[in-house]
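Please prepare a short briefing on the fold and packing of this model. Group the points by topic.

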Amino acid sequence: MRAQQKGAIPADRKFIESVSAEILDYYNKVAVRECPAPVLITLSGIAMGERMHSVEERFECLEMMRKECDGQYIYHADVGGKVFVNDFNEDSRVREILSHELVHHVRKMTGASAESDNSGSVKDTNSKVIWSLEEGCAMFIQGAFAAGRDNGPNGIIKSVFGAINPYETAILPVTFTLIGKYAESSPHEKEMSNEELSTVIDMFRDSSIERTHVLRKSVYSAGTNFAIAIFTADDFDLERTERKLLTYTYRELKEELMSAARKPELAKTISKVLRQT
């Protein structure tokens with residue numbers, strides 16, 4: 001996600017470790033897994049040389065900042081998962097970063113996101129869909145974690161979209177109607193095709209954004225819509241949806257989307273929920 005306003009003093013390291021452990025414990029319970037903790041690397045640690053960091057880690061942290069992101073997840077076979085955190089933020093923002101990046105970690109550890117390792121060498125359409133589904137999983141769970149389990153569907157959805165644009169919830173019924181039409185045109189298909197999902201992603205392109213951020217915004221926004229579609233089709237069963245988003249492969253997620261798209265009441269259901277106060 002794009003960097004936000006920074007503080008002059010980094011978050012306390014013990015706070016970061018404690019929050020990370022708390023979030024990972026929750027995700028492990030939902031996923032019914034025991035994923036090991038990732039290596040936590042902070043921007044302040046890199047900048048101030050408090051710990052020994054490799055040249056590669058310093059470069060990866062610089063790449064995170066170059067992309068104007070506050071967090072990043074990277075997996076290396078020899079060391080496992082690494083979560084990079086821009087800790088020059090308020091504690092609440094650091095918690096958001098960790099809750100987002102740890103979704104990527106759990107998905108990697110469960111094998112759900114294995115296909116993303118090869119996304120850079122496949123066709124652009126496939127790569128774009130993988131990226132969107134991956135970020136949609138992280139955006140939904142990050143927002144749901146912040147909202148709390150007793151907030152109800154409306155509160156959870158608003159919290160999920162809070163990190164992007166709260167007003168984009170208005171697009172949900174349109175997205176659901178569109179994927180429903182794709183489902184009607186493919187009555188015998190088990191999963192949504194990459195081409196169809198790519199078309200939906202392109203619908204979220206915004207020409208008012210700087211060119212380098214257009215694709216990033218579209219994949220995050222579309223992916224969040226995809227995750228909400230699954231949540232709606234699950235009758236707003238939060239734990240059920242979170243388990244799917246933490247453990248399902250991309251093909252399984254596309255099957256979930258096709259199943260959701262074949263529910264004719266989906267758009268009406270989400271419209272009704274969004275009208276609730």
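**Briefing**

Thr224 is part of helix H9, residues 211–233; helices (H or I, at least four residues) and strands (E, at least two) are DSSP runs numbered from the N terminus. This is a predicted model, in which local features need pLDDT of at least 70 and side-chain atom pairs count only at pLDDT 80 or more, while totals for chains, interfaces and linings use all residues. Residues are numbered from 1 along each chain as its sequence is written, and side-chain values use heavy atoms, with hydrogens and water left out.

- Leaving out residues up to four places away in sequence, Thr224 touches Gly136, Met139, Val160, Phe161 and Ile164, where contact means heavy atoms within 4.5 Å.
- Thr175 belongs to helix H7, residues 172–185, and counts as buried because its relative accessibility is 1%.
- With residues up to four places away in sequence not counted, the contacts of Thr175 are Val200, Met203, Phe204 and Asn225.
- Thr175 and Ala267 are separated by 92 residues in sequence, and their C-alpha atoms are 8.2 Å apart.

**Helix H11**

- Helix H11 (residues 250–261) has 12 residues and should span 16 Å at 1.5 Å a residue, which agrees with the 16 Å between its end C-alpha atoms; the expected span is 1.5 Å times one less than the number of residues.
- Buried residues in H11 include Tyr250, Leu253, Lys254, Glu256 and Leu257.

**Sheet**

- Three strands form an open sheet in the order E1-E3-E2, with mixed pairing; two strands pair if DSSP finds at least two bridges between them.
- Strands E1 (39–42) and E2 (71–76) are at the edges with a single partner strand each, so one side of each has no neighbour in the sheet.
- Neighbouring strands of this sheet are turned by 20° against each other on average, direction ignored; axes are lines fitted to C-alpha atoms, for helices over the stretch in contact, and angles run from 0 to 180 degrees between N-to-C directions.
- E1 pairs with strand E3 (residues 80–85) in the parallel sense over four bridges, and Leu40 stands opposite Val83 in E3.
- Helix H3 (residues 55–66) packs on the sheet and touches E1, E2 and E3, its direction making about 50° with that of E3.

**Nonpolar cores**

- The largest nonpolar core has 68 residues, and those with the most contacts inside it are Tyr27, Leu98, Phe140, Ile157 and Ile228; such a core is a set of buried Ala, Val, Leu, Ile, Met, Phe, Trp, Tyr and Cys residues joined through side-chain atoms within 4.5 Å.
- A second, separate core of nine residues includes Ile41, Met64, Cys69 and Phe88.

How values were computed. Buried means under 20% relative accessible area, exposed over 50%, partly exposed in between (1.4 Å probe, protein chains only).
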